[in-house]
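Take a look at the model below. Then read on for a short tour of its contacts.

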Amino acid sequence: MNEFNNRIDAQRRILSLVNSRPWREELYGLSGAAIDRWAHANGLDPRSALTATIYASADKLFFLANKSQEQITEEYRLLASEVRQLGDSLAALLQSSCPV
């Protein structure tokens, strides 16, 4: 259960970080369609560092969601660590000169 809570907390952190900026439209989820819509609504290049980091975070969280019912492996722990690092990278991108 702790792994589930950690994954949900990581998803919330990513969404909170992104939505801490005054966008025209908030990011409502981490599906590909939600990220596409958010990037388009806010005039962002889908290949920018910001959107690429969000996509990468979403991909890793999706993998963790599918593995959360299995025994926690070293691979799971590594991916969870990568998600935390991507969140840190996202926070840095949002604080830098990333245009709103």
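## Ground rules

This is a predicted model, where local features need pLDDT of at least 70, side-chain atom pairs count only at pLDDT 80 or more, and totals for chains, interfaces and linings use all residues. Residues are numbered from 1 along each chain as its sequence is written, and side-chain values use heavy atoms, with hydrogens and water left out.

Two terms come up throughout. Helices (H or I, at least four residues) and strands (E, at least two) are DSSP runs, numbered from the N terminus. Buried means under 20% relative accessible area, exposed means over 50%, and partly exposed lies in between (1.4 Å probe, protein chains only).

## The aromatic pair

A pair of aromatic rings is described by the distance of the centres and the angle of the planes. Rings of Phe, Tyr and Trp (its six-membered ring) pair if their centres lie within 6.5 Å; planes under 30 degrees apart count as stacked, over 60 as edge-to-face and the rest as tilted.

How many aromatic pairs does a search of the whole structure find? It finds one. The partners are Trp23 and Trp38, in an edge-to-face arrangement, with 5.0 Å centre to centre and 75° between the planes. Trp23 lies in the loop between α1 (2-18) and α2, while Trp38 lies in helix α2, so the pair ties together parts that are 15 residues apart in sequence. Both Trp23 and Trp38 are buried.

The charged end of Arg21 sits over the ring of Trp23, 5.8 Å from its centre. For this label, NZ of Lys or CZ of Arg must be within 6 Å of the ring centre and within 35 degrees of the ring normal.

## Two single residues

Ala39 belongs to helix α2 (residues 32-41). Is Ala39 buried or exposed? Ala39 is buried, because its relative accessible area is 3%. Contact means heavy atoms within 4.5 Å. Beyond its neighbours within four places in sequence, Ala39 is in contact with Leu44 and Thr51.

Glu26 is in the loop between α1 and α2. Glu26 counts as partly exposed, because its relative accessibility is 40%. Not counting residues up to four places away in sequence, Glu26 touches Asn19 and Trp38. Ser16 is 10 residues from Glu26 in sequence, and their C-alpha atoms are 9.7 Å apart.

## Salt bridges

A salt bridge is a side-chain nitrogen of Lys or Arg within 4 Å of a carboxyl oxygen of Asp or Glu. The whole structure holds five salt bridges. The table includes some of them.

| Salt bridge | Closest N and O atoms |
|---|---|
| Arg12 and Asp9 | 3.7 Å |
| Arg47 and Asp45 | 3.3 Å |
| Glu82 and Lys60 | 2.8 Å |

Glu82 counts as partly exposed at 23% relative accessibility, and so does Lys60 at 24%.

Arg12 and Asp9 both lie in helix α1, three residues apart, which is about one turn of the helix. Arg12 is exposed at 53% relative accessibility, whereas Asp9 is partly exposed at 43%.

Arg47 is exposed, with a relative accessible area of 70%. Asp45 is partly exposed, at 36%.
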